[in-house]
Amino acid sequence: MTGFRADVTRRPLRLLAACAVIFPVTMAANGQAAEAQNSATPPKMMAADADPSFEVATIKPSNSGVAIMQDLRIEGRRFVTRNSSLGDLIAFAYKVQVKQIVGAPDWLDKDRYDVTGAPSGDGTPSMTQVGIMVQRLLEERFKLTFHHETREMPAYVLTIAKNGPKLTPPASPGPLPTIGFRPAPNGLTLLDLNGTLAGFTGLLQVMVLDRPVVDQTGIAGRFDVQVTFTPDESEFKGQRMVPPTDAASAAPSLFDAVQQQLGLKLSAQKAQVDVIAIDHVERPSPN
């Protein structure tokens, strides 16, 4: 779920997340994200062994005139995204940061599309199933083919901090995580409830940081992760996401918050990263 090539993930947090309970990240700005998990009735999920695909999908050029990805959500059973680039769709479908896409045409981030699709079969698809559906859409409509390579590139590596991890078991276990952001009195809180650390690193690289994030903690299982930090304006394309806070009471930076609150460490270093090397892609076929 990434966007344009220049600092692709450094964008306003208007991305919408589909989770165990579907809620938009922008709801968190109204303080409703955490409550959504408990107040909504869980949807009937698609069978785990289903072969997910779009029964029908429309792809239209976006006329929003905006240079960022507007939103991506699940509305009932429909997948809806507005003003998304090919890079956005590949990053979402294959859970990569846009810098992990190489060999792409120059319109990867320039051309933008509105996409709406409804799945075949019964039930609401999981995030994994939605990803598979978008993969097939890319293959069928954009004629995307690629291969995987491993390349060394600048990344952030997540490891265990000196005093050990501080991770909380999930309060509401289930098949899917709930993710989002909500304002905090002294900053912004990133939520990844009932999620894995691999999922947390994916969230960081897609929605917060401008590099791939590699999980080297070796920690398995699910946790309720909440990190309250003061966003660096450079991380969000210069747009302040929370009201200015008094310097003395402001939450720590993301890197300090991860270490203090989770007992983990984010380090900037070069790392071996899986990349998607595009062999062929076309502008989408008309509807």
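Biologist: What makes strands β6 and β13 a pair, and which way do they run?

Modeller: In this predicted model, 2 bridges join β6 (residues 101-102) to β13 (residues 264-280). Pairing requires at least two bridges, so the strands count as paired. They run parallel, and V102 has A277 as its bridge partner in β13.

Biologist: How many bridges does β8 make with β13, and in which sense?

Modeller: β8 (residues 145-160) pairs with β13 over 16 bridges in the antiparallel sense. Within β13, K270 stands opposite P154.

Biologist: How many aromatic pairs are found in the whole structure?

Modeller: The search finds 5 aromatic pairs.

Biologist: Why is the pair of Y113 and F142 called edge-to-face?

Modeller: The ring centres are 5.6 Å apart and the planes stand at 85 degrees. Y113 lies in strand β7 and F142 in the loop between α4 and β8, 29 residues apart. Both Y113 and F142 are buried.

Biologist: What makes the pair of Y156 and F255 tilted?

Modeller: The planes of Y156 and F255 are at 50 degrees, with 5.3 Å centre to centre. Y156 belongs to strand β8 and F255 to helix α6, 99 residues apart.

Biologist: Why is Y156 called buried, and why is F255 called partly exposed?

Modeller: Y156 has a relative accessible area of 9%, and buried means under 20%, so Y156 qualifies. F255 has 24%, which falls between 20% and 50%, so F255 is partly exposed.

How values were computed
Residues numbered from 1 in each chain as written. Predicted model: local features only at pLDDT ≥ 70, side-chain atom pairs only at ≥ 80, totals over all residues. Heavy atoms only, no water. Helix = DSSP H or I, 4+ residues; strand = E, 2+ residues; numbered from the N terminus. Phe/Tyr/Trp six-rings, centres within 6.5 Å; stacked < 30°, edge-to-face > 60°. Buried < 20%, exposed > 50% of the residue type's maximum accessible area, 1.4 Å probe, protein only.
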